[in-house]
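User: I have a protein model to look through today. Could you take me through it step by step?
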Amino acid sequence: MGIPAGRSEVAGGGVATVDMLTDRAALMREALVKSQSITDDMVSILGSFDHRLSALESAMLPVQTRTHAIRRAHQNIDKTLKGADVVLLQFDLSRQAEAKILKGPHEDLESYLQAIDQLRNNIQFFNNNKSFKSSDAVLNHTNKLLAKAISKLEEEFRQLLLSYSKPVNPERLFECLPSSDHQHKAAENLKYTTPTLIPPRILPLLHDLAEQMVRAGNKQQLQRIYRDTRSSVLEETLRKLGVEKLSNDDVQKMEWGVLEAKIRNWIHFMRIAVKLLFAGERKVCDQIFEGFNSLMDQSFAEVTARSVAVLLGFGVVITESKRSPEKLFGLLNMYETMIELHSEIEELFRGDTCNEIRESALGLTRRIAKTSQETFDDFEAAVEKDATKTFVADGTVHPLTRYVISYVKFLFDYQATLKILFQEFETVDESNSQLAAVTMKVMQALQNNLDVKSKQYKDPSQTHLFLMNNIHYMVRSLRRSEAKDLLRDDWVQRHRRIVQQHANQYKRVAWAKILQCLSAQGLTSSGGGSAVSAADGGNSSGVSRTIIKDRLKTFNVQFEDLHQRQCQWTVPDTELRESLKLAVGEVLLPAYRSFIKRFGALVESGKNPQKYIRFTPEDLEHMLGEFFEGKTVNEPKR
């Protein structure tokens, strides 16, 4: 019974729910209908707005057009005003620049240069804006003003350069040389102080002026002013120093002593010119023309050209003058100087425009080398052909020998230079052997000449003494000099043997006859004279007293003659002189002692024995000690 009741409740609740959903659906339908109606109304309203806006836009279009036109007009006016301001500014700047230009550069050079830059800017501006009515007139006026400004600038450059370009006094240059404390150093290590030719504060001003002139196209005028001003100052400095231009005739007329002094001066002048003056000039030139390399090199070449020509010209004249042996050392000194300065000349005179000067310097170096070698060859020939009448009566070292040896020893002070010089004509490896070869050729030429001169002596023994003295002097002198290493020991040893040979020949020729007087040969009487036997007191059977007396008389005469003559002869080397005396004594004294011991009794037993035995061995030894001293002696007492 409970079940039906439950179903009735459920059914009732379901109906209510459906009704409620139905109501809600109806409400939603009604709301949608209203929304659609509102939407349609809005579309209608919006459509009305669109129509109105189109009408408004049509009405505003003329106004907008006019507004845009006005805006563009304003922009054009602004642009025109700004353009006018720029033009007016250019006119204003041009007036300011003109005022500075008319005032001139002397008072305020920096402002003057700025004014020139401004004029150039104005010209560029009006060239780029030729649409302006007055641009041509402005350009014409500004160009004229610029030309006038550059003309004043050129004059300012000339005056400023001239004001600070003064010849340098020699005393100031000497102060720039290495101090005497450093003179012992090698030439390349010496410190030279480059002089200040133009104050450093002036150089930037000159550079700015030069730069403006180059920009204005006045490069040639700039070079001319610089060349004329600086070259004349440089030449005057060298004249004050003592540099002079000499011709061939001037040199030919000079005594060697005068010319030698001029060569020494030239060497001094060359060092001063290259290391001080040209170096200083190069520094000035580089700073003034900085940024213009070709102009820098060309201007330096033009400034120094005449001065270099005068200096190198002296060297050329010397090489062209008549060659003589004494000039060789002057030439070698000149050659050394050119070699020493070569790298500095190459550095200072760099660039194509300086090529001619570099070639001239190198050409002179080669000419000096060639002339030096020719002079050396002439010296060798002159030594061999020397025909001076100088006769050394005492047989001592001939002046020619002393001169040649002194010459050769002096040459070896230039050994390093000669090696370089020979390399001009020989390979590097042959330069040493070349120097040795020419030295030995000179030595041989001297020996050949001495052989001729030795024939002047009537006494053959003095011929050998003369040759002994001279060749010994050659050997001793060169052995103690740097020539020894170059000539090698075999040359020294060979010539020592020659000296000994002449010493032996002297002994043989000078003393052979007198030693024959002391010989036992031929003492036996062949009849007519008295012979003394051992029983008569003689110690040699059958010896003729008369022959003994004759032998002793002959010995006395010959020895006194030798003593008188050979005391006047000279062996200048003490060691050689004493050894020669000793060698003679070692032969003569034993022979004399033996002869007196054996045969003296034959004379002493007769009348006037002192007439025949005039000398004791000690007397002879003492008198031998007076030989080769080169002095006149009195006759010995009888």
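Analyst: A definition comes first: a residue is buried if its relative accessible area is under 20%, exposed if over 50% and partly exposed in between, with a 1.4 Å probe and protein chains only. Buried residues make up 41% of the 638 residues in this protein. The model is predicted: local features need pLDDT of at least 70 and side-chain atom pairs count only at pLDDT 80 or more, while totals for chains, interfaces and linings use all residues. Residues are numbered from 1 along each chain as its sequence is written, and side-chain values use heavy atoms, with hydrogens and water left out.

User: How many helices and strands are there?
Analyst: There are 19 helices and two strands. These are DSSP runs numbered from the N terminus, with helices (H or I) of at least four residues and strands (E) of at least two.

User: And how many aromatic pairs?
Analyst: A search of the whole structure finds 22 aromatic pairs. Rings of Phe, Tyr and Trp (its six-membered ring) pair if their centres lie within 6.5 Å; planes under 30 degrees apart are stacked, over 60 edge-to-face and the rest tilted.

User: Why is the pair of F410 and Y414 edge-to-face?
Analyst: The ring centres of F410 and Y414 are 5.8 Å apart and the planes stand at 70 degrees, so the pair is edge-to-face.

User: Is Y414 buried or exposed?
Analyst: Y414 counts as buried because its relative accessibility is 7%. F410 counts as partly exposed, at 38%.

User: What about F627 and F628?
Analyst: F627 and F628 form an edge-to-face pair, 5.8 Å centre to centre with 85 degrees between the planes. Both residues are buried. Ring pairs also link F627 and F628 with Y506, W511, F555, F559, Y592 and F615 into a cluster.

User: Changing topic, what is the volume of the largest pocket?
Analyst: The largest pocket has a volume of about 420 Å³. A pocket is an open set of points on a 1 Å grid over the protein atoms alone, where a 1.4 Å probe fits, with protein on both sides within 12 Å along at least five of seven lines; lining residues have an atom within 4 Å of a point. The volume is the space filled by probe spheres set on the points, which are joined across faces, edges and corners.

User: Which helix gives the most to the lining?
Analyst: That is α16, with six residues. The lining has 18 residues, and H472, V499, E575, L576 and S579 lie nearest the pocket centre.
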